[in-house]
Amino acid sequence: MTVHSVRLAIDTSGPYDMHDITGQVQRVIQDAGMGDGIATVFVRHTTAAIMIGEHEAGLIHDIPIVIERLVPRGDHYRHNDLNRDDNAHSHVLGSVIGPSETIPFTDGELALGTWQQIVLIELDTHPRSRQIIIRLTGE
Ligand code: ZN
């Protein structure tokens with residue numbers, strides 16, 4: 001069994017900025033020369049998330065609107081009071097969406113469906129630099 005790990009840095013432009021990182025993950029598998037295994041994609045932050053979805057213009061527009069409905073930025077949050085912060089909703093969303101996805105790969109190719117992409121979503125209130133770990137386990 002082989003374990004291969006790569007760190008990726010992505011600068012986001014602000015709230016709900018979404019980056020399709022599927023190509024980068026696929027490249028890591030190819031560079032590692034691995035055939036079969038699983039890729040774990042993990043963002044090392046509490047106010048960003050990794051999700052799998054279709055990265056297209058309609059959903060890039062729709063997802064922030066639905067997110068804002070689910071966890072409104074303007075609600076009252078204890079985290080903001082205690083820490084003189086403005087991003088409690090970002091932490092809540094980070095917990096709900098989650099920091100990682102695990103994707104199998106076969107013959108060196110991610111086993112994603114046609115419309116599935118691996119997406120980093122920024123949940124914080126301002127642009128941030130995000131670190132992502134891509135870890136491959138397999139052979
Ligand atoms: Zn905070």
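Mentor: Let us begin with A39, which is found in strand β3; strands (E, at least two residues) are DSSP runs, numbered from the N terminus. This is a predicted model, in which local features need pLDDT of at least 70, side-chain atom pairs count only at pLDDT 80 or more, and totals for chains, interfaces and linings use all residues. Residues are numbered from 1 along each chain as its sequence is written, and side-chain values use heavy atoms, with hydrogens and water left out.

Trainee: Why is A39 called buried?

Mentor: Buried means under 20% relative accessible area, exposed over 50%, and partly exposed in between (1.4 Å probe, protein chains only). A39 has a relative accessible area of 0%, so A39 is buried.

Trainee: What is A39 in contact with, leaving aside its neighbours within four places in sequence?

Mentor: Its contacts (heavy atoms within 4.5 Å) include V25, I103, F105 and L136.

Trainee: Why does D85 count as partly exposed?

Mentor: The relative accessibility of D85 is 32%, therefore D85 counts as partly exposed. H91, at 22%, also counts as partly exposed.

Trainee: Which residues coordinate the zinc ion?

Mentor: H79 (NE2), D85 (OD), N87 (OD1) and H91 (NE2) coordinate the zinc ion, at 2.1 to 2.2 Å.

Trainee: What makes the site of the zinc ion irregular?

Mentor: Four donors count as tetrahedral if all angles lie between 85 and 135 degrees; four count as square planar and six as octahedral if opposite donors are over 155 degrees apart and all others between 65 and 115; anything else is irregular. The angles among the four donor atoms are 85 to 172°, and the site is irregular.

Terms used. Donors are N, O and S atoms within 2.8 Å of the metal (3.2 Å for Na, K and Ca); water is not among the atoms, so sites may look incomplete. Helices (H or I, at least four residues) and strands (E, at least two) are DSSP runs, numbered from the N terminus.
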